[in-house]
Amino acid sequence: MNAPMRCIAAAGAAFLLAAISPAAAMTIERVVSPGGIEAWLVRDHTLPMIAVEFAILGSADQDPPGKPGVANMATSLLDEGAGPYDAAAFHDRLERKAIELSFRSGRDYLRGTLRTLTDNRDEAFDYLRLALAEPRFDPADVERMRAQLISRVQREATNPNDIASRNWWATAFPGHPYGEPVNGTLESLPRITAEDMKTYIRRVVARDHLKIAVVGDIDAAATAALLDRTFGALPAKAELAPVANVVPQGLGRTIVVDLDVPQAVVNFGGPGIARSDSDFMTAYIVNHVLGGGSFSSRLYREVREKRGLAYGVHGSLIWLEHTSLLLGSTATRADATGQSIEIIEHEYRRMAEQGPTAEEFDKAKTYLKGSFALGLDTSNRIAGQLVQMQLDNLGIDYIQRRPGMIDAVTLDDAKRVAKRLLDGGLLTTVVGRPHGVTSTGSGVATSSGHLAKPRESSTGREPESR
């Protein structure tokens, strides 16, 4: 390493160490309102601002059969008019007070964010209450949002990254809500009605699966009062449709979607390890060595640094309510696609057989202990992390315990878990005009996500690693 790079590395290490202290010293309070609503609070009176994050169980997995996109469309309309205010009036009131209010949907959770100045606190929480309890779904707003979502799905139908992802999920989870696109389809979006969305909100938006975090210029008493005022009128219990636990299907398959684009996009993945599993932290370290480290992972080193086949390649552990995954992706030249996939599969096998080296293992542990604090640099990020800790049942003292949990993992643990995590095979989707890749299995996905009759890719060479 040359002198300038050593200086940069040293400065980065110093920054990581400096960032650990505020995170470790952060005090998290458990606040329970008179009505029994719980939130985790971090007081910070440095600035006159308050950030709120919350999550409610039930999102795209609660879409009616044959109508993917209901939860996403309903969530997109929550801030488009509520209570006595139509969309224009609602937005005007938010903007005049510089209140940031937003909602988003996922596969499992409806999530919301509120950010406000302390002086506008009461009004901001009132608007959040209206959005959750009294959304309007006015016809003009519904049609405007429908048009926006249809346009988005049309764009996604020609985007190689979206096509690769959509086909991976559809193949991995056929017949399950996880296999349906969160944003809906061109077939389903025109059929979604205001009543569909109202029914979704009535069934899902309730207090029994609500997780809340509050960060900023506010004390516990005021927080407790605002919790009841904002969320107290919601139904006590949701009416969630049951969702089955599931494992990804199609392992060992390669699916090619023909698309005339300069590069081929590759998505690959298989089973992961649940967040509640005692081996999760070990798997987290193993994944960092394999594909999680942006510039230090084996995949990055072998695919990018040594051979220059792709700009980047990464893998991530993903845990949902009903499955856990290890997913990765890359994009590469058409003529380098087969070689890139072979290298990725080789590194997966090598890690499963041998585990990380002692040097890789130690470096990953040091990085993961320090980097966590970098995600706690703003009120919104802290609030988001506190909500996720609640969803994952990690305990209110997790931030303090986390370094010790990482230290407790041994190299033998890592080698054992590497085999457990990586020995199951991969499902791979490729979008583009790849050389050296052949579709395998029972069908080939198309840009719409439907399976077609099996065929070989245009250059038709079976990867040697298969």
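The model is predicted. Its chain has 15 helices and 13 strands. Of the 466 residues, 51% count as buried. Among contacts between residues at least 6 apart in sequence, 80% join residues at least 24 apart.

**Aromatic pairs**

- The structure holds 13 aromatic pairs.
- The ring centres of Trp169 and Phe173 lie 5.6 Å apart, and their planes meet at 35°. The pair is therefore tilted, since stacking needs planes under 30 degrees apart and an edge-to-face pair needs over 60.
- Phe280 and Tyr284 make a stacked pair. Here the distance is 6.0 Å centre to centre, with 15° between the planes.
- A pair of aromatic rings is described by these two quantities, the distance of the centres and the angle of the planes.
- Trp169 and Phe173 are both buried.
- Ring pairs also join Trp169 and Phe173 with Trp168 and Tyr178 in a cluster.

**Charges over rings**

- Arg275 lies over the face of Trp319. The distance to that ring centre is 5.8 Å.

**Helix α9**

- Helix α9 spans residues 280-292 and carries both Phe280 and Tyr284. The two are four residues apart, so about one helical turn separates them.
- Phe280 has 3% relative accessibility, so Phe280 counts as buried.
- Tyr284 has a relative accessible area of 29%, so Tyr284 is partly exposed.
- His288 also has its place in α9. Its relative accessibility is 10%, so His288 counts as buried.
- What does His288 contact, leaving aside its neighbours within four places in sequence? The residues are Gly293, Ser296, Ser297, Ala364, Tyr367 and Leu368.

**Helix α10**

- Helix α10 covers residues 298-305. Buried in this helix are Arg298, Leu299, Tyr300, Glu302 and Val303.
- Which elements are included in the cover over the buried residues of α10? They include the helices α9, α11 (337-354) and α12 (358-371). The strands β8 and β9 (310-319) are also included.

**Positive phi angles**

- Most residues other than glycine have a negative phi. The next two residues have positive values.
- Ala98 is not a glycine, yet has a positive phi of about 55°. Ala98 is placed in the loop between α3 (87-96) and β4 (100-105).
- Ala98 has 47% relative accessibility, so Ala98 counts as partly exposed.
- Phe137 has a positive phi near 55°. Phe137 lies in the loop between α4 (121-133) and α5 (139-156).
- Is Phe137 buried or exposed? At 5% relative accessibility, Phe137 counts as buried, because the limit for that class is under 20%.

**Strand β4 and Ser102**

- Ser102 is found in strand β4. With a relative accessible area of 33%, Ser102 is partly exposed.
- Not counting residues up to four places away in sequence, Ser102 touches Arg111, Gly112 and Thr113.
- Ser102 and Ala131 are 29 residues apart along the chain. Their C-alpha atoms are separated by 9.8 Å.

**Cavity**

- How many cavities of 30 Å³ or more does a search of the whole structure find? The search finds one.
- The largest cavity has a volume of about 50 Å³.
- Its lining includes Gly270, Pro271, Leu326 and Tyr348. The lining also includes Leu421, Leu422, Asp423, Gly424, Gly425 and Leu426.
- Strand β8 (263-271) and helix α15 (411-422) each supply at least two residues of this lining.
- By class, the lining has six nonpolar, three polar and one charged residues.

Key
Residues are numbered from 1 along each chain as its sequence is written. This is a predicted model: local features need pLDDT of at least 70, side-chain atom pairs count only at pLDDT 80 or more; totals for chains, interfaces and linings use all residues. Side-chain values use heavy atoms; hydrogens and water are left out. Rings of Phe, Tyr and Trp (its six-membered ring) pair if their centres lie within 6.5 Å; planes under 30 degrees apart count as stacked, over 60 as edge-to-face and the rest as tilted. Buried means under 20% relative accessible area, exposed over 50%, partly exposed in between (1.4 Å probe, protein chains only). A charge sits over a ring if NZ of Lys or CZ of Arg is within 6 Å of the ring centre and within 35 degrees of the ring normal. Contact means heavy atoms within 4.5 Å. On a 1 Å grid over the protein atoms alone, a cavity is a set of points where a 1.4 Å probe fits but cannot get out, and a pocket is an open set with protein on both sides within 12 Å along at least five of seven lines; lining residues have an atom within 4 Å of a point. Grid points are joined across faces, edges and corners, and a volume is the space filled by probe spheres set on the points. Ala, Val, Leu, Ile, Met, Phe, Trp, Tyr, Cys and Pro count as nonpolar, Asp, Glu, Lys and Arg as charged, and the others, Gly among them, as polar.
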